[in-house]
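Subject: The structure we talked about

Hi,

Here is the structure I promised to send over.

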Amino acid sequence: MIQKIIDHISFVLIITVSAVFAVCPDETQVCLSLASGDLNYESTEAIAGFQFNHDGCVTGAGGGDAAAVGFTISSSSSTVLAFSFTGSTIAAGSGILVELDGDVTEDCLLEPFIFSDPNSSCSYF
C-alpha cells in the first residue's frame with residue numbers, strides 16, 4: 001500500500017513561480033492566491049495531492065477542499081503535504097485548497113508547489 005502511494009505521488013505537476021500568486025495565465029493548470037491564511041486555487045485539472053515548502057511560518061494546516069475530499073493533510077516546520085489514501089481528488093475548479101495557521105504571507109511560502117494529477121502522469125505548463 002505504501003509503495004502504491006509513493007508510486008502515485010512520484011509523478012507530479014510543478015507550478016513555476018510565475019504561476020504562483022498571480023492571475024492565472026492561459027494554459028496554466030493551477031494558480032494559487034493567499035487570503036488571510038486561506039490558500040486558494042484555480043485549477044483546470046483535478047488535484048490528487050500537493051506539497052510545498054515554507055520558511056517556518058506555517059504552524060498548522062487543515063480544512064479547505066483538501067479536507068472536504070478526505071485528503072490526509074500534514075504540516076511540519078518546513079513542509080505541507082496532502083494526498084488521499086483512497087484515491088479521491090479535488091475536482092477542477094476553484095476554492096480554498098487548504099487553510100494555513102501561523103504568520104503566513106506569500107513571501108514565506110517557498111517554491112516549487114508540487115501537484116499530482118489523478119493518473120500520476122506528468123503534465124507540463
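Histidine 54 touches Ser76, Ser77, Ser78, Thr79, Val80, Cys108, Leu109 and Leu110, leaving aside residues up to four places away in sequence; a contact here means heavy atoms within 4.5 Å. This is a predicted model, in which local features need pLDDT of at least 70 and side-chain atom pairs count only at pLDDT 80 or more, while totals for chains, interfaces and linings use all residues. Residues are numbered from 1 along each chain as its sequence is written, and side-chain values use heavy atoms, with hydrogens and water left out.

Histidine 54 lies in strand E4. Helices (H or I, at least four residues) and strands (E, at least two) are DSSP runs, numbered from the N terminus. At 3% relative accessibility, histidine 54 counts as buried; buried means under 20% relative accessible area, exposed over 50%, and partly exposed in between, with a 1.4 Å probe and protein chains only. Its side chain reaches the backbone oxygen of serine 76 at 3.1 Å and the backbone nitrogen of cysteine 57 at 3.5 Å. The bridge partner of histidine 54 is leucine 109 in E9.

Strand E4 has two partners worth a look. E4 and E9 pair in the antiparallel sense over five bridges, and E4 and E7 also pair in the antiparallel sense, over five bridges. Two strands count as paired if DSSP finds at least two bridges between them. On the E7 side, asparagine 53 stands opposite threonine 79. As a reminder, side chains in a regular strand alternate between the two faces of the sheet.

The structure holds one, a disulfide being a pair of cysteine sulfur atoms within 2.5 Å. Cysteine 57 and cysteine 108 form it, with their sulfur atoms 1.9 Å apart. The link is right-handed, with 70° about the S-S bond. Cysteine 57 sits in the loop between E4 and E5 and cysteine 108 in the loop between E8 and E9, so the pair ties together parts that are 51 residues apart in sequence. Is cysteine 57 buried or exposed? It counts as buried, at 10% relative accessibility, and cysteine 108 is buried too, with a relative accessible area of 4%.

Next, the core. A nonpolar core is a set of buried Ala, Val, Leu, Ile, Met, Phe, Trp, Tyr and Cys residues joined through side-chain atoms within 4.5 Å. The largest one has 24 residues, and those with the most contacts inside it are Leu39, Phe50, Leu97, Leu100 and Leu109. The elements giving two or more residues to this core are strands E2 (30-35), E3 (38-43), E4 (49-54), E5 (58-62), E7 (79-83), E8 (93-102) and E9 (109-116). Leucine 97 touches, among others, Leu32, Leu39, Ile47, Phe50, Ile90 and Phe115, not counting residues up to four places away in sequence.

Rings of Phe, Tyr and Trp (its six-membered ring) pair if their centres lie within 6.5 Å; planes under 30 degrees apart count as stacked, over 60 as edge-to-face and the rest as tilted. Phenylalanine 50 and phenylalanine 52 form a stacked pair, 6.5 Å centre to centre with 10° between the planes, and both are buried. The rings of phenylalanine 83 and phenylalanine 85 have their centres 5.1 Å apart and their planes at 65°, so this pair is edge-to-face. Phenylalanine 83 is buried, with a relative accessible area of 13%, whereas phenylalanine 85 is partly exposed at 41%. Phe50, Phe52, Phe71, Phe113 and Phe115 form one aromatic cluster.

One loop residue I also looked at is alanine 46, between E3 and E4. Alanine 46 counts as partly exposed, at 22% relative accessibility, and touches residues including Thr89, Ile90, Ser116 and Pro118, again not counting residues up to four places away in sequence.

Finally, the overall picture. The protein chain has two helices and nine strands, following the pattern α-β-β-β-β-β-α-β-β-β-β along the sequence. Buried residues make up 38% of its 125 residues. Among contacts between residues at least 6 apart in sequence, 70% join residues at least 24 apart.

Best wishes

Definitions and conventions. Polar contact = N/O pair within 3.5 Å; in protein donor to acceptor, adjacent residues only side chain to side chain.
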